[in-house]
Amino acid sequence: AMRRNALMGMAALGGAGSVIAARHLYRWYSRAGRKLTLHLYDHCPFCVRVELVLGRFGIPFERVVYGYGDMKGPVVLTGKKVLPVLEGPGVPAPDGMKGLPESLDIIAWVTSAYGLTLPCDNGRADVLAWKKKYDEVRRPLQRPRLIQMPVKDWASEEDIKYVKAKHTKNNPNFYEEAEKNTDELVEKANALLVEFETLLEGDDALCSWGFGMLDVKILPDLRNMTCVKGIKWPPKVLDYVKNNCEKGKVSLYEGI
């Protein structure tokens, strides 16, 4: 109470705007001791979304990584093999669950609980159109290479077996075709990254007003492209990925 009164008293001297800022600061201090645990897969774009937000705003959390073929660990949390899941004091957990699943729900709660400013996704049609083309190229390029990254996701043979069975369910020759078409796919990816550079309107942001949810949704799939050797990154795009991942404390891969 003394901390809150002191903050509000100082803010009153600065006007209404300062009062609002002090309220946010108090909410931050009141949660500073909260211990959050984020259950995740390192390669998972939805998990990386949450990491980017927590890391960028300096919210401390314990990072628990699972093998992708682990059929028990994630299920204990929600009853399903679904990650990310955020766990901790005050984190809303649906009935029968130990934490909050779904990346956008987690980010919404974090934004509200910590009083963060994170502009919403404005649904830019040009970015959505680019993403649709990019997805067709990134999947066959990234999937055979991500499983070779030295992360816990793929620490056991069961992890590799599980992910390969998942990706070959509709096309038994997926991995063979992807490897065979590598040169063509890399060429297409490089062209798409040049196109992406024209979409960047702000400093290390897709929108002129700065980093927001649109970036949170796009960055993970660009980050995963760092596992691919031969990608020619336009300088502005490379800075966009490296700088935002650094601010979000998300590591990049080494292309192979």
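Contact means that heavy atoms lie within 4.5 Å. The model shown is predicted, with local features requiring pLDDT of at least 70, side-chain atom pairs counting only at pLDDT 80 or more, and totals for chains, interfaces and linings using all residues. Residues are numbered from 1 along each chain as its sequence is written, and side-chain values use heavy atoms, with hydrogens and water left out.

**View 1. The protein chain as a whole.** The secondary structure comes to 11 helices and 4 strands; helices (H or I, at least four residues) and strands (E, at least two) are DSSP runs, numbered from the N terminus. Of the 256 residues in the protein chain, 47% are buried. Buried means under 20% relative accessible area, exposed over 50%, and partly exposed in between (1.4 Å probe, protein chains only). Among contacts between residues at least 6 apart in sequence, 69% join residues at least 24 apart.

**View 2. Helix α3, residues 45–56.** From its first C-alpha to its last, this helix of 12 residues reaches 16 Å, close to the 16 Å expected at 1.5 Å a residue; the expected span is 1.5 Å times one less than the number of residues. Helix α3 is largely enclosed by the rest of the structure, because 9 of its 12 residues are buried. Those residues are Cys-47, Val-48, Arg-49, Val-50, Glu-51, Leu-52, Val-53, Leu-54 and Gly-55. They pack against strands β1 (36–40) and β2 (61–65), and against helices α5 (103–113), α10 (213–224) and α11 (235–247). Just after α3, Gly-58 takes a positive phi of about 65°.

View 3. Glu-51 has a relative accessible area of 3%, so it is buried. Leaving aside neighbours within four places in sequence, Glu-51 is in contact with Leu-38, Leu-40, Arg-56, Phe-61, Arg-63, Gly-248 and Val-250. Val-250 is 199 residues from Glu-51 along the chain, and 6.9 Å separates their C-alpha atoms.

**View 4. The largest pocket.** The space in this pocket is about 700 Å³. On a 1 Å grid over the protein atoms alone, a pocket is an open set of points where a 1.4 Å probe fits, with protein on both sides within 12 Å along at least five of seven lines; lining residues have an atom within 4 Å of a point. The volume is the space filled by probe spheres set on the points. Of the 31 lining residues, His-43, Cys-44, Pro-45, Phe-46 and Tyr-68 are the closest to the centre. Helices α3, α5, α6, α7 (157–167) and α10 each give two or more residues to the lining, and α6 gives the most, with 6. The lining divides into 16 nonpolar, 5 polar and 10 charged residues. Ala, Val, Leu, Ile, Met, Phe, Trp, Tyr, Cys and Pro count as nonpolar, Asp, Glu, Lys and Arg as charged, and the others, Gly among them, as polar.

**View 5. Arg-145 in helix α6 (residues 125–146).** Arg-145 counts as buried because its relative accessibility is 7%. Its side chain reaches the backbone oxygen of Leu-141 at 2.8 Å.

**View 6. Gly-90 in the loop between β3 (85–87) and β4 (100–101).** With 60% relative accessibility, Gly-90 counts as exposed. Apart from neighbours within four places in sequence, Gly-90 is in contact with Arg-34 and Trp-109. The C-alpha atoms of Gly-90 and Leu-36 are separated by 9.4 Å, and the two residues are 54 apart along the chain.

Terms used
A polar contact is a pair of N or O atoms within 3.5 Å; within protein, one must be able to donate a hydrogen and the other to accept it, and residues adjacent in sequence count only if both atoms are side-chain atoms.
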